[in-house]
Amino acid sequence: NVWVGTHAVFNSKDGGVTWNRLTYWTSVMHTDFHHIVYSPHDATKLYNVNDGGVWINTDNGHGSQWSPKSNGLGCTEIYHAAQSPIKKDRIGIGTQDNGELYYSAGNWYTVRGGDFSATFAFDYQHSDWFYHVSGGNRRTGLSGNSGSQNLSFPFAAAGSTLMEFTPLKTNSAFLAANDIWRTDNLASNPPAWTKISTISEAIKALNSSPADANIVYAVTNSGKVFRSDNALSASASFAQVSTAPSSVSSKASIAAIKADPNIVYMSCNSKVYRSADKGATWTSVSAGLPAVNFIKMYHDVYSTDESLYVATGTGAVYFKNKNMSSWLNYSQGLPSISNVNDFMIFNDGNYANSVLRVAYYGRGVWESPLVNPAVNVKETENNEFQLLAFPNPTTGSFEISLNNTAKKECTLVLTDVLGRVLLQEKILTDAYKKAIQVKEKGMYLITVITENNRLVKKVMVE
């Protein structure tokens, strides 16, 4: 009795002399089989592993009836994904063999089958407008090709095509390939496009400043950095302001800072750089980062300390603000052996509601809260107290020691980087010690609070 799995299940009961086809890729069971095997403990259970998950034969080995057994497995192979900036529960993804899906109210819905590899985007007007950028169209509604609109791009759309939207002027958008175009009637069907640059070179990164929509940055394939200060005007123009300090042959990303329009960050392959003069000069701020490519960078526009997040293609996320000398690995809980294809953010300024999301090729979609700016503080000193944490850095165990020389009543609070309170105690004695054990790596804050003052100490768990 021999079984073969290809795009269908075949069975031979005479050692391979004759064969019967039992399934079809259009029905019964998902296609692209990788493994077919009997349970070593129960000969009535025949399993098949394919691009649609794990399936089990349910007709006692006859092989024509199969049921999926993959609930709970995060193994979706995602080509591309995007998050609506105005609605948290709206995500679009395109997958290998499992079609296009959208996320709504805690559930995923299949829109179409097969492979769907289009790059995605969302604007700031309609959370239900799914932009298929590499296809040059958008779809209204949440089913199939319903309401599909051709965006009438002035060139043939491709996987390298970029679209950039701005909340400062929601009916405008920027489009990039070998040059940059702008529309001021994005909601029209189709929108009209005006060429606003003469760069004539493949563009790898595009960013509209959250401080001023007239400021737009572009990085080309050869590493040239361009900036426009009048991107919304009738006579918009771009000028080269510098050259990227590292190669951008693989990946590049730009993030302008909202609190200061002069400050902009750029990732070039495996390095991150900061400019304080709108891209004219750059300084490396790469301490703590691995030597791998970064696929995307985001600025927390509601922060006042230049908070940034970057994601690597190998499945890690890092965080930094201007008060930190090195990047913090922000990947606790993420899969460690899988590729990230897209990095997303939803940020409405409510840190109990805002999230980062990553889409994996093979591990589905994951999310994490943003760092609450309330814990993005510098260490402080206070002559009335001596606060120590030892050892620091630590692998998880440390001791808090507080010498209250003024013998003032105070409160000691231990929080993690998300602002979660792990310990809170009122202290009346002049000497205090506490043994602490934490499981998760990252930064922790010890804060001592009095009526008129506070003392802050950081502890790093490695």
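Predicted model: local features only at pLDDT ≥ 70, side-chain atom pairs only at ≥ 80, totals over all residues.
Local features were required to have pLDDT of at least 70 and side-chain atom pairs to have pLDDT 80 or more, whereas totals for chains, interfaces and linings use all residues. Residues are numbered from 1 along each chain as its sequence is written, and side-chain values use heavy atoms, with hydrogens and water left out.

Strand β32 spans residues 339–346, and six of its eight residues are buried. Burial is assigned under 20% relative accessible area and exposure over 50%, with partly exposed residues in between (1.4 Å probe, protein chains only). Strand β32 runs antiparallel to β33 (residues 355–361), to which seven bridges join it; two strands are taken to pair if DSSP finds at least two bridges between them.

Side chains of opposite charge can pair when their charged atoms come close. In the whole structure, 13 salt bridges were found, each defined by a side-chain nitrogen of Lys or Arg within 4 Å of a carboxyl oxygen of Asp or Glu. One of these contacts joins Asp 179 to Lys 195, with 3.5 Å between the closest N and O atoms. Because Asp 179 lies in the loop between β17 (173–176) and β18 (180–183) and Lys 195 in strand β19 (residues 194–195), the pair ties together parts that are 16 residues apart in sequence. Asp 179 is buried, at 4% relative accessibility, while Lys 195 is partly exposed, at 47%.

A salt bridge is also formed by Arg 274 and Glu 306, whose closest N and O atoms are 3.0 Å apart. This pair links distant parts of the chain, as Arg 274 belongs to strand β26 (residues 271–275) and Glu 306 to the loop between β28 (294–299) and β29 (308–312), 32 residues apart. Here Arg 274 is partly exposed, with a relative accessible area of 25%, and Glu 306 is buried, at 5%.

For the salt bridge between Arg 227 and Asp 229, the closest N and O atoms are 3.0 Å apart. Arg 227 counts as buried at 17% relative accessibility, and Asp 229 as partly exposed at 37%. Finally, a network of salt bridges links Glu 100, Arg 112 and Arg 139.

How values were computed:
Helix = DSSP H or I, 4+ residues; strand = E, 2+ residues; numbered from the N terminus.
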